[in-house]
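Please look through the side-chain contacts and the metal site of the model shown here. The report below takes them up topic by topic.

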Amino acid sequence: MESILDTELVQRAQRGDSPAFDELIIRYQKRVSSLVYRYVEDRDCASDLVQDIFLKIYTNIKRFKGDASFSTWLFRIAVNDCIDYKRRLKVRRETSLDAITEKGFDPRDDRQDAQIEMGLLTRIENKRIRSLVDQLDPDQKMILVMKVYEEMTFEDIARVMGAPLSTIKSRLYKALDNLGKDLRRLQFIERTAP
Amino acid sequence: MKHLSEEQLIDLVFEETKDSQSHRHSQSCGECRERLDRIALGLHAVRSLDLEPIPLRKPLTVRFLRSRRWRWVGWAAAASFLLLSLAGTRFELNQGQMSVEFAMFGTQQLNDDEFENRLKGVEADMLSAFQLHAEMMQMQVDDRLNALYAEHTQQMRELSRQVEDDIKSVDYQNGDMIASMRDDVYSYIQSEKVRGRTP
Ligand SMILES: [Zn+2]
């Protein structure tokens, strides 16, 4: 099975050959799970999402026309699912006041448990960096995850996102620029805190 | 030269450009240097995040799942039987054979408090055994759920219902077992006390 091309497996799966579909899952399960987990950063959500994504692949595989490669098509479904999930979550969170304290934005907390050395970022807590990353626009965060953690090429990311290369780079720039600005703000607060 | 574009800066920060001109510009132009530093700081922060390892289990195919399913049911039955017989054996020792029973509880005279403590110890052992059992079952359940991607939704619902029932029945069993053991041990203590002996 390992030597068979995706296209052949897809054709077989489209004809209802379940071992072929299983093989496709095996090929991509790890990468998709990794991407989703890095993006949502929650085991249970990631596991639900991955399940949902493969069910979508399963129910839609007959509609896959082969305009893009199978992996691009699959990752596009995964990425859209993740971004949708994040958007829904964001709407829910923004309506909840509790979330503000939950995310640890209380400045007193900031002063309490982060020790920041002059000009150095290293001591800003993971938790805080993660929450900054989490506040990024869902598209921006997805590009960041694909590039930094999944080490995908810009070309692949552009194909999956269905956007031009320049747009991808520009969004990534904005994501990193926002993070950089926020981190400097945090460093400033830390330094000037009594 | 005009300032670097966002694209050029991204290429620089990911070291994906051989364009020495933009590199030189980023060194000599304060504004571009500042923009580059800022995104480099952002990138450094993201890269420094130590995330927990990704919870991946080995992929299972649908057919493999089917064969595992039966093995799993068999395994659970065997495990329950083992525990039941373990508990039963211990229990029989308590009821029937004095010498072994004494070895288990110690031969010295114990007052009520001490005895109560010993009893609690036995109970705690049992509870941790059941806990371990439950955890092992949970691992099996996780493996199975993980492999359900390719199954139809209906089939998935049926399977998870079945798993839940399995877990529930074992839970009930465990609960009953603990309760009856406790009762039996207590009645044994009482009967020994009536006979004027301290176990
Ligand atoms: Zn410049």
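## Charges over rings

The charged end of A:Lys141 is placed over the ring of A:Tyr39, at 5.1 Å from its centre, where a charge sits over a ring if NZ of Lys or CZ of Arg is within 6 Å of the ring centre and within 35 degrees of the ring normal. A:Arg38 lies over the face of A:Tyr149, with 4.5 Å to the ring centre.

This is a predicted model, in which local features need pLDDT of at least 70 and side-chain atom pairs count only at pLDDT 80 or more, while totals for chains, interfaces and linings use all residues. Residues are numbered from 1 along each chain as its sequence is written, chains are lettered from A and ligands numbered from 1 in the order in which they are written, and side-chain values use heavy atoms, with hydrogens and water left out.

## Aromatic pairs

Over all chains, the structure holds seven aromatic pairs; rings of Phe, Tyr and Trp (its six-membered ring) pair if their centres lie within 6.5 Å, and planes under 30 degrees apart count as stacked, over 60 as edge-to-face and the rest as tilted. One of them joins A:Phe21 and A:Tyr58 edge-to-face, 5.0 Å centre to centre and with 70 degrees between the planes. This pair links distant parts of the chain, since A:Phe21 belongs to helix H2 (residues 18-40) of chain A and A:Tyr58 to helix H3 (residues 43-60) of chain A, 37 residues apart; helices here are DSSP runs (H or I, at least four residues), numbered from the N terminus. A:Phe21 counts as buried at 4% relative accessibility, whereas A:Tyr58, at 27%, counts as partly exposed (buried means under 20% relative accessible area, exposed over 50%, partly exposed in between, with a 1.4 Å probe and protein chains only).

The rings of A:Phe64 and A:Trp73 have centres 4.9 Å apart and planes at 40 degrees, so this pair is tilted. A:Phe64 is buried at a relative accessible area of 11%, and A:Trp73 counts as buried at 17%.

## The zinc site

B:His3 (ND1), B:His25 (NE2), B:Cys29 (SG) and B:Cys32 (SG) coordinate the zinc ion at 2.0 to 2.3 Å; donors are N, O and S atoms within 2.8 Å of the metal (3.2 Å for Na, K and Ca), and sites may look incomplete because water is not among the atoms. The four donor atoms subtend angles of 97 to 128 degrees, which makes the arrangement tetrahedral (four donors count as such if all angles lie between 85 and 135 degrees).

Conventions. Helices (H or I, at least four residues) and strands (E, at least two) are DSSP runs, numbered from the N terminus. Four donors count as tetrahedral if all angles lie between 85 and 135 degrees; four count as square planar and six as octahedral if opposite donors are over 155 degrees apart and all others between 65 and 115; anything else is irregular.
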